Amino acid sequence: MTREVKEIFGTGSGGGKPSPPAPAALAAKVRTLAPSMTRSMQRVAEAVADDPAGCAALTVTGLAELTGTSEATVVRTARLLGYPGYRDLRLALAGLAAQQQSGRAPAITTDIAVDDPIADVVAKLAYDEQQTLADTAAGLDTVQLAAAVAALAGARRTDVYGVGASGLVAQDLTQKLLRIGLMAHAHSDPHLAVTNAVQLRSGDVAIAITHSGSTGDVIEPLRVAFEHGATTVAVTGRPDGPVTQYADHVLTTSTARESELRPAAMSSRTGQLLVVDCLFVGVAQRTYESAAPALSASYEALAHRHRVLRKGP
């Protein structure tokens, strides 16, 4: 590698360590990181997410006894969730408990049955999409986001890699960037992605979009771009996934619950699109003087395609 591989939860070249997540972000953080934890750490994470008020009243020893783990496991879990120590986690739990007590629990769940009326399906999907967006926003590292925006705004060229549902998100981002006058390409073919990544250099940007964080067809071109000096960004639901080894900046999306009738690709795409919109708006802000005329020109060029043809008299 041409650059040092960053620690899983480091901030890359964005600078500084991220601050502990706010209470509202704790539940989202647990959902995102739990799949990558050891089973003992999962028990601690699930306990604090399920009963923040009860756990906030416990000492580190008490929480270890409640979850059948050790004090060291409790402390490691707190640090993995972004808190310097257990005391900081307890404060966040107390804050989360207070927020929950002031609001109402959701009246619906996201479990969709095969015989659900369509109105229930709409309500459940809408609730789950809203939760995905809220979780993604709460867990998004704005320091990393700002660094990625700065790199995109000044990039000579941007390549975006994604396959399947993530490929659709990659296309969405490149179309947005093209409309404000930036050079961008989306690649879903792994061979083309790698051959294009070889051409990237310092001053270019490569973005990998993969919910699992382990999609080889996306990781490989990002690795090539990384080793050729391009600034690299990973948009992923797994901040500890293999893709982050080659990412200067990591933007984490909410981890979705998968079911037979609702594959995870549906919810993960929602979180990815939010991150893509944040990137685009941030870049448009930084390049407004050139972006606004380019956007107007693109609207004007397409205007005739949107006009309704009038019928003759």
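Two strands are taken to pair if DSSP finds at least two bridges between them. Helices (H or I, at least four residues) and strands (E, at least two) are DSSP runs, numbered from the N terminus. The structure is a predicted model, in which local features need pLDDT of at least 70 and side-chain atom pairs count only at pLDDT 80 or more, while totals for chains, interfaces and linings use all residues. Residues are numbered from 1 along each chain as its sequence is written, and side-chain values use heavy atoms, with hydrogens and water left out.

The protein contains 13 helices and five strands. Of its 313 residues, 42% count as buried, where buried means under 20% relative accessible area, exposed over 50%, and partly exposed in between (1.4 Å probe, protein chains only). Contact is defined as heavy atoms within 4.5 Å. Among contacts between residues at least 6 apart in sequence, 72% join residues at least 24 apart.

The five strands form an open sheet in the order 2-1-3-4-5, with parallel pairing. Strand 2 and strand 5 (249–252) stand at the edges with a single partner strand each, so one side of each is left without a neighbour in the sheet. From one strand to the next, the twist averages 15 degrees. For such angles, axes are lines fitted to C-alpha atoms, for helices over the stretch in contact, and the values run from 0 to 180 degrees between N-to-C directions. Helix 10 (residues 190–197) packs on the sheet and touches strand 1 and strand 2; the direction of helix 10 makes about 150 degrees with that of strand 1.

The individual pairings of the sheet can be followed from strand to strand. Strand 1 and strand 2 (residues 184–187) are joined in the parallel sense over four bridges, and Val160 stands opposite Ala186 in strand 2. In strand 1 (residues 158–161), Thr158 and Val160 point one way and Asp159 and Tyr161 the other way, and all are buried. Strand 3 (residues 205–209) runs parallel to strand 4, to which five bridges join it. Here Ala206 stands opposite Thr232 in strand 4.

Thr232 lies within strand 4 (residues 231–236). Thr232 counts as buried because its relative accessibility is 0%. The Thr232 side chain reaches the backbone oxygen of Tyr246 at 2.6 Å. Strand 4 also pairs with strand 5 in the parallel sense, over four bridges, and Thr236 is placed opposite Thr252 in strand 5. Strand 5 is covered on both faces: His249 and Leu251 on one side, and Val250 and Thr252 on the other, are all buried.

Two helix pairs were examined in detail. Two packed helices are described by the angle between their axes and the distance between the axes. Angles under 35 degrees count as roughly parallel, over 145 as roughly antiparallel, 65 to 115 as roughly perpendicular and the rest as oblique. The axes of helix 10 and helix 11 (residues 216–227) come within 8 Å and cross at roughly 10 degrees; helix 10 and helix 11 are therefore roughly parallel to each other. In this contact, Pro190, Ala193, Val194 and Ala197 of helix 10 meet Asp217, Glu220, Pro221, Val224 and Ala225 of helix 11. The residues of the contact comprise seven nonpolar, no polar and two charged. In this classification, Ala, Val, Leu, Ile, Met, Phe, Trp, Tyr, Cys and Pro count as nonpolar, Asp, Glu, Lys and Arg as charged, and the others, Gly among them, as polar.

For helix 2 (residues 39–50) and helix 5 (residues 71–80), the axes come within 9 Å and cross at roughly 70 degrees. Helix 2 and helix 5 are therefore roughly perpendicular to each other. Ser40, Met41, Val44 and Ala45 in helix 2 are in contact with Thr73, Val74, Arg76, Thr77 and Leu80 in helix 5. This contact has five nonpolar, three polar and one charged residues.

Two further residues take part in contacts beyond their sequence neighbours. Pro35 is located in the loop between helix 1 (23–33) and helix 2, and at 43% relative accessibility Pro35 counts as partly exposed. Not counting residues up to four places away in sequence, Pro35 touches Gln42, Arg238 and Thr255. Pro35 and Thr255 are 220 residues apart in sequence and 8.9 Å apart in space, C-alpha to C-alpha. Asp135, in helix 7 (residues 118–139), is buried, with a relative accessible area of 9%. With residues up to four places away in sequence again not counted, Asp135 touches Ala28, Arg31 and Ser254.

Conventions
Polar contact = N/O pair within 3.5 Å; in protein donor to acceptor, adjacent residues only side chain to side chain.
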